[in-house]
Amino acid sequence: MSDRVGLAIIGTGMAAKPHALALQELGDLIDIRGVYARSAPARQHFCETYGFKQADNVQSLACDPSVDALLLITPPNARSDLITLFANNGKHILTEKPLERTANAAQAIVDTCDSAGVLLGVVFQHRFREASQALAALLAKGSLGAIRIVRADVPWWRDQSYYDEPGRGTYARDGGGVLISQAIHTLNLMLSLTGPVASVQAMCSTTPFHRMEAEDVAAGALAFESGAVGSIFASTASFPGSAESLTLDCDNGSVLLKSGVLTIHWRDGRVETIGEEAATGGGADPMAFPHDWHKAQIADFATAIRTGRAPRVTGRQAMSVHRLIEAIETSSRTGRMVRITKG
């Protein structure tokens, strides 16, 4: 076994760029063994752009003994079979979010990787921002006291051209709209800090701003298992789009996490800021953000493989956000409060 993690990559679409930029800087930790995409021209262009090796087919990558792990960057509807193939060949899996289009399908992937004895990580790069990690540490130490109120806001914008790509914003390919494709990042970060949601009352809709099958706006009220209450708002119809934010009102102060900056208003009058402002892809350009967070998560996953520990973001942990999104959609569809059962 090499000192570097042998990595296969499948998928070279829009979401692959920050991964590629990150991997170019991780050469001392990761060895790219091959890149595959169904479109040969797209695959060739991607590999020539970033200096990676091409692979002729999926099977050769899955059976290659020098491949330790798979980085999967396909649309959600093209993940399950690939994960099963690679996991059953002993390859660890790091996949783009979401795990799958439905909570049940996502759970099946978790079970597949558990049965195969391989690590399963999910790309939620917002968890790796400096400000996010600082807030997690403050909450873990108890410095802020108990969380009482939670507000998650994702006022993003996407042009119609974004949804004109075949399959985007459909249930068959993506599993839904703004919730599972965009807001899932903020919701996963929220849950990692607050703990599970117990029940939700919500509404989802598709505005006249977009021609698409799934929702481009969702709003809801949350009751957390901790006793905290909160709200979410998520949209890709909020022109011109602005950064997502997470606000926590706690016993000892209130915090705002926005644009990579954590602002803490302590009850004793102090105001503290941590982190540096950065774009987050909330406007018309969905890829307008740095690749540092991807780099940190990929490095964490590679280190987990080498040391035998769990990655910081596991597939099993990701199930909580899948269940929350499913509950929001069910509440909107039925007009009722939905209780979330633990997995």
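Let's start with a question: does His291 count as buried or exposed? His291 has a relative accessibility of 18%, so it counts as buried. The cut-off for buried is under 20%. Before I go on, one caution: this is a predicted model.

Where is His291? Look in the loop between strand 13 and helix 9. Now look at its contacts. Setting aside residues up to four places away in sequence, His291 touches Pro18, Leu21, Ala22 and Glu25.

That brings us to helix 1. Helix 1 covers residues 16-24, and helix 9 covers residues 292-307. How do they pack? Two packed helices are described by the angle between their axes and the distance between the axes. For helix 1 and helix 9, the angle is about 65 degrees, and the axes are 8 Å apart. Their crossing is right-handed. Helix 1 brings Pro18, His19, Ala22 and Leu23 to the contact. Helix 9 brings His294, Lys295 and Ile298. Sorted by class, that contact has four nonpolar residues, two polar and one charged.

Helix 1 has another partner. Helix 2, residues 40-50, packs with helix 1 at an angle of about 35 degrees. Here the axes are 10 Å apart. The crossing of helix 1 and helix 2 is right-handed. On the helix 1 side, find Ala16, Lys17, Ala20, Leu21 and Gln24. On the helix 2 side, find Phe46, Thr49 and Tyr50. By class, the contact between helix 1 and helix 2 has five nonpolar, two polar and one charged residues.

Stay in this area for Thr12. Thr12 sits in the loop between strand 1, residues 5-10, and helix 1. Buried or exposed? Thr12 is at 18% relative accessibility, so it counts as buried. Its contacts, leaving out residues up to four places away in sequence, are Val35, Ala37, Ala42, Arg43 and Phe46. Phe46 also belongs to the contact of helix 1 with helix 2.

Next stop, helix 4. Helix 4 runs over residues 80-88. Which of its residues are buried? They are Leu82, Ile83, Phe86 and Ala87. These cover an arc of only 120 degrees around the axis, so they sit on the same side of helix 4. On the other side, Asp81 and Asn88 are exposed. What covers the buried residues of helix 4? The cover includes strand 1, helix 3 (58-62), strand 3 (69-72), strand 4 (92-96) and helix 5 (103-116). Just after helix 4 comes Gly90, with a positive phi of about 80 degrees.

On to helix 6, residues 130-141. First, a length check. Helix 6 has 12 residues, and at 1.5 Å a residue they should span 16 Å. The end C-alpha atoms are 17 Å apart, which agrees.

Which residues of helix 6 are buried? Ala131, Ser132, Ala134, Leu135, Leu138 and Leu139. Look down the axis: the buried residues fall within an arc of 165 degrees, so they line one face of helix 6. Turned away from that buried side are the exposed residues Glu130, Ala140 and Lys141. The buried residues of helix 6 are covered by several elements, including strand 6 (147-155), helix 8 (178-194) and strand 10 (245-250). Strand 11 (253-258), strand 12 (261-266) and strand 13 (271-275) are also among them. After helix 6 comes Gly142, and its phi is positive, near 85 degrees.

One more residue in helix 6: Gln133. Gln133 is partly exposed, with a relative accessible area of 33%. Leaving aside neighbours within four places in sequence, Gln133 contacts Arg127, Phe128 and Arg312. Gln133 and Pro75 are 58 residues apart in sequence, and their C-alpha atoms are 28 Å apart.

Last stop: Ala172. Ala172 lies in the loop between helix 7, residues 160-163, and helix 8. Buried or exposed? Ala172 is exposed, with a relative accessible area of 54%. How many residues separate Ala172 from Asn77 in sequence? The count is 95, and in space the two are 7.0 Å apart, C-alpha to C-alpha. Apart from its neighbours within four places in sequence, Ala172 is in contact with Asn77 and Arg101.

Technical notes:
Residues are numbered from 1 along each chain as its sequence is written. This is a predicted model: local features need pLDDT of at least 70, side-chain atom pairs count only at pLDDT 80 or more; totals for chains, interfaces and linings use all residues. Side-chain values use heavy atoms; hydrogens and water are left out. Axes are lines fitted to C-alpha atoms, for helices over the stretch in contact, and angles run from 0 to 180 degrees between N-to-C directions. Helices (H or I, at least four residues) and strands (E, at least two) are DSSP runs, numbered from the N terminus. A crossing is left-handed if the near helix is turned anticlockwise from the far one by less than a right angle, and right-handed if clockwise. Contact means heavy atoms within 4.5 Å. Ala, Val, Leu, Ile, Met, Phe, Trp, Tyr, Cys and Pro count as nonpolar, Asp, Glu, Lys and Arg as charged, and the others, Gly among them, as polar. The expected span of a helix is 1.5 Å times one less than its number of residues. Buried means under 20% relative accessible area, exposed over 50%, partly exposed in between (1.4 Å probe, protein chains only). The arc is that of the directions from the helix axis to the C-beta atoms.
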